[in-house]
Amino acid sequence: MSARVIDGKLVAAAVRGEVAGAVEVILAAGQRAPGLATIIVGDDPASAVYVANKHKACEEVGFVGFHNELSASASAEEISEVIARLNADAAVDGILLQLPLPGHLDAGSLTGEIAPEKDVDGLTPTSAGLLALGRPGMRPCTPLGVVELLDREGVDLGGLHVVIVGRSALVGKPLASLLLERNATVTICHSHTRDLAAVCLEADVLVAAVGVPKLISGDWVKPGATVIDVGINRVDGGLVGDVDYEAAAERACCITPVPGGVGPMTIAMLLRNTLGAYGGAS
Ligand code: NDP
């Protein structure tokens, strides 16, 4: 058996098209375009590429981008000032503080200064708390992207056993909360989990968000399971996921590739969150 490939590029393009359509309606009504502000601190090349990609995606759907660049030696006070200014700016609907920050800065505390209604990354303590409580709020983009892929693949999550490998605040934990809201039975695994292979084998839907290349081998996949690989690992100049793709595809019913699976969904969901945060008016 060879699994059906879940094409994240295709789904992400569809989401972006929907957002672009909504922006056209907003502009036709004479209102201002939604605005997304990014803050980048220092000159980490990977972060620069991520932020550039986010701005390009913004432009393509008709958003206004506001780019804020600070030097690697910027103080917490300087960054706080930028966040406060953007919080107060009516043309800015979403604020994104690109992580990681240089070592002398406390990312958690600075992220927490973003106004909850503009927290389009869904990573502030307020947003995390609202999600944990099952109350409306901004949701993190990568977990949202995973759920969107499953939805568009027609996976009815109610009652399914989803095993998530990885418990980060960025992916594993918020994804578990989103899946509980959808009535899945959720197991979260981590580096202390005993007999990880046996737990993975019980999964109707297996999600890997670990950061270890090809950790999940093919014989950990229950025949007919859906496999979602969040991992992005640079190996020998190429990108691989946390799942041994070829072997897993022999047993899964459908599977996301790396690259081209979950990756493109993260920016698409950022655009959708920004549209959702849009306050309107001119
Ligand atoms: P973190 O490093 O924050 O978390 C990794 C998790 O994996 C931890 O919970 C850790 O357990 C667990 N883990 C590590 N090794 C093992 C192991 N051998 N067995 C079982 N569990 C293990 O990573 P992130 O959640 O931020 O990212 C995970 C992956 O997803 C990375 O490859 C990252 O690049 C990718 N990613 C992709 C995104 C996308 O857009 N597609 C967005 C975000 C991340 P413990 O808690 O016990 O340490």
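**Exercise 1. Find which backbone atom the side chain of Thr256 reaches, then describe the surroundings of Thr256 in this predicted model.**

Solution. 
Step 1. The side chain of Thr256 comes to 2.8 Å from the backbone nitrogen of Asp229.
Step 2. Decide whether Thr256 is buried or exposed. Buried means under 20% relative accessible area. Thr256 has 0% relative accessibility, so Thr256 counts as buried.
Step 3. List what Thr256 touches, leaving out residues up to four places away in sequence. The partners are Ile6, Leu149, Val227, Ile228, Asp229, Tyr245, Gly261 and Val262. Asp229, whose backbone nitrogen the Thr256 side chain reaches, is one of these partners.

**Exercise 2. State which residues of helix α7 are buried and what covers them.**

Solution. 
Step 1. Helix α7 spans residues 172-181.
Step 2. Its buried residues are Gly172, Pro174, Leu175, Ala176, Leu178 and Leu179.
Step 3. The cover over the buried residues of α7 includes the helices α5 (125-133) and α6 (141-152). Strands β5, β6 (185-189) and β7 (205-208) are also among the covering elements.
Step 4. Look just past the end of α7: Asn183 has a positive phi of about 70 degrees there.

**Exercise 3. Describe the chain as a whole, and judge how compact the chain is.**

Solution. 
Step 1. Count the elements: the chain holds 10 helices and 11 strands.
Step 2. Compare the radius of gyration with the globule rule. The chain has a value of 19 Å, close to the 19 Å that the rule gives for 282 residues, so the chain is as compact as a globular protein of that length.
Step 3. Turn to the interior and the surface. Of the 282 residues, 48% are buried. The chain exposes about 12,600 Å², with 56% of that area supplied by carbon and sulfur atoms.
Step 4. Consider contacts between residues at least 6 apart in sequence: 71% of them join residues at least 24 apart.
Step 5. Locate the domains. The domain assignment gives domain 1 (31-115) and domain 2 (140-263), and their centres, taken over C-alpha atoms, are 29 Å apart.

**Exercise 4. Find where in the chain the confidence is lowest and where it is highest.**

Solution. 
Step 1. Begin with the average: the chain has a pLDDT of 96, and 99% of the residues score at least 70.
Step 2. Confidence is lowest in helix α2 (residues 45-61), with a mean of 93.
Step 3. Confidence is highest in strand β5 (residues 161-165), at 99. Strand β5 also belongs to the cover of the buried residues of α7.

Conventions
Residues numbered from 1 in each chain as written. Predicted model: local features only at pLDDT ≥ 70, side-chain atom pairs only at ≥ 80, totals over all residues. Heavy atoms only, no water. Buried < 20%, exposed > 50% of the residue type's maximum accessible area, 1.4 Å probe, protein only. Polar contact = N/O pair within 3.5 Å; in protein donor to acceptor, adjacent residues only side chain to side chain. Contact = heavy atoms within 4.5 Å. pLDDT = per-residue confidence, 0-100. Helix = DSSP H or I, 4+ residues; strand = E, 2+ residues; numbered from the N terminus. Rg over C-alpha atoms; globule rule 2.2 N^0.38 Å. Areas by Shrake-Rupley, 256 points an atom, 1.4 Å probe, with all protein chains shown as cover. Domains from an automatic or database assignment.
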